[in-house]
Amino acid sequence: MALFAAARRAAASSVPVLLRASASSGSHRSAVLLRPLAAAVAPPKPRAMPFSSAPATRPSSDAELLSVIDSEIKYAEDCDDHDRVEEIPENFPFKISDEKGTNAVTLKRTYQGEQIEVVVHMPSLVTGDEPDHDRDGEDEDTAGDDNDEDEGQKPEQSSIPLTVTISKGDGPVLEFTCTAYPDEVIIDSMSVTQQSGDDERDMIAYEGPDFNDLDENLQREFHRYLDLRGISPRTTNFLHLYMINKDSREYLLWLRKLKDFFKQ
């Protein structure tokens, strides 16, 4: 750039000398010949460039969004949950595998030759607005005013979804879909799958009826079956606290990734 400017200044300084020489000789033809040279060394007129290499200014909307993200990060950092680590209870039956940036943890254990794996997902909040099918038909003789007063007053409670897989060697695999509430584990469904050579599970032709349609004694025995293998309220109550803390940590990590994106 400096070299280009020096050359342009040198060329411009030679123009007056050449023009004076032309005037002193009185040669009109020489002056005409020198006009193209003068035009060539004249300072170029600025022209509009279609593109610019200058860094773009961040839109004001992005700046506002970044400010809100910063505020949310500060709020999340001030909470106690994001850096709290729940102490694993003594005799906890499972080994916990928790990978940062995921929305689930995996529990594994061996029980009497069985391989048990539990995938625990993030907690959800139950508001109590859903109908309670277990109480349908009960208290029908209660006064209408009392029913209206009780409606919608169930306390909010957290629940965590569980997927329990139990296998024995290369044989069939039992899979339970459960929902864990405080002090209670509900079996939502169960199925039987068959392992193939490439570790994929092909559904057996008949999966059985809906779990809630099973005989009550059979349902009760399946709950006991899971309880003996560690899927009990004692285990899931700890998992509630663990997953709530994980949710706080993952949310803060997600916010920081958002901030990095908008700072680019």
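Start by selecting Gly101 and Glu250, where the backbone nitrogen of Gly101 lies 3.0 Å from a polar atom of the Glu250 side chain, a polar contact being a pair of N or O atoms within 3.5 Å in which, within protein, one must be able to donate a hydrogen and the other to accept it, while residues adjacent in sequence count only if both atoms are side-chain atoms. What you have open is a predicted model, in which local features need pLDDT of at least 70 and side-chain atom pairs count only at pLDDT 80 or more, whereas totals for chains, interfaces and linings use all residues. Residues are numbered from 1 along each chain as its sequence is written, and side-chain values use heavy atoms, with hydrogens and water left out.

Stay with Glu250 and colour helix H6, residues 233–263, in which Glu250 lies; helices (H or I, at least four residues) and strands (E, at least two) are DSSP runs, numbered from the N terminus. Is Glu250 buried or exposed? Glu250 counts as buried because its relative accessibility is 14%, and buried means under 20% relative accessible area, exposed over 50%, and partly exposed in between (1.4 Å probe, protein chains only). Next, show the residues in contact with Glu250 (heavy atoms within 4.5 Å): leaving aside neighbours within four places in sequence, these are Glu99, Lys100, Gly101, Thr102 and Met122.

Now select Val118, Val120, Val164 and Phe176, which touch the most other members of the largest nonpolar core, a group of 29 residues. A nonpolar core is a set of buried Ala, Val, Leu, Ile, Met, Phe, Trp, Tyr and Cys residues joined through side-chain atoms within 4.5 Å. Among the elements that give two or more residues to this core are strand S3 (114–121), strand S5 (157–167), helix H5 (216–228) and H6. Centre the view on Val118, whose contacts beyond four places in sequence include Phe94, Leu107, Val164 and Ile231. A second, separate core has seven residues, including Leu66, Ile69, Ile73 and Ala76.

Zoom out to the chain, whose secondary structure comes to six helices and eight strands, and in which buried residues make up 25% of the 264 residues.

Finally, colour by pLDDT, the predictor's confidence in each residue, from 0 to 100; the chain averages 75, and 61% of the residues score at least 70. Select residues 14–41, where pLDDT stays under 50 and the model has twelve contacts beyond four places in sequence, and then residues 133–144, where pLDDT also stays under 50 and the model has two such contacts. Where pLDDT is low, the predicted coordinates should not be read in detail.
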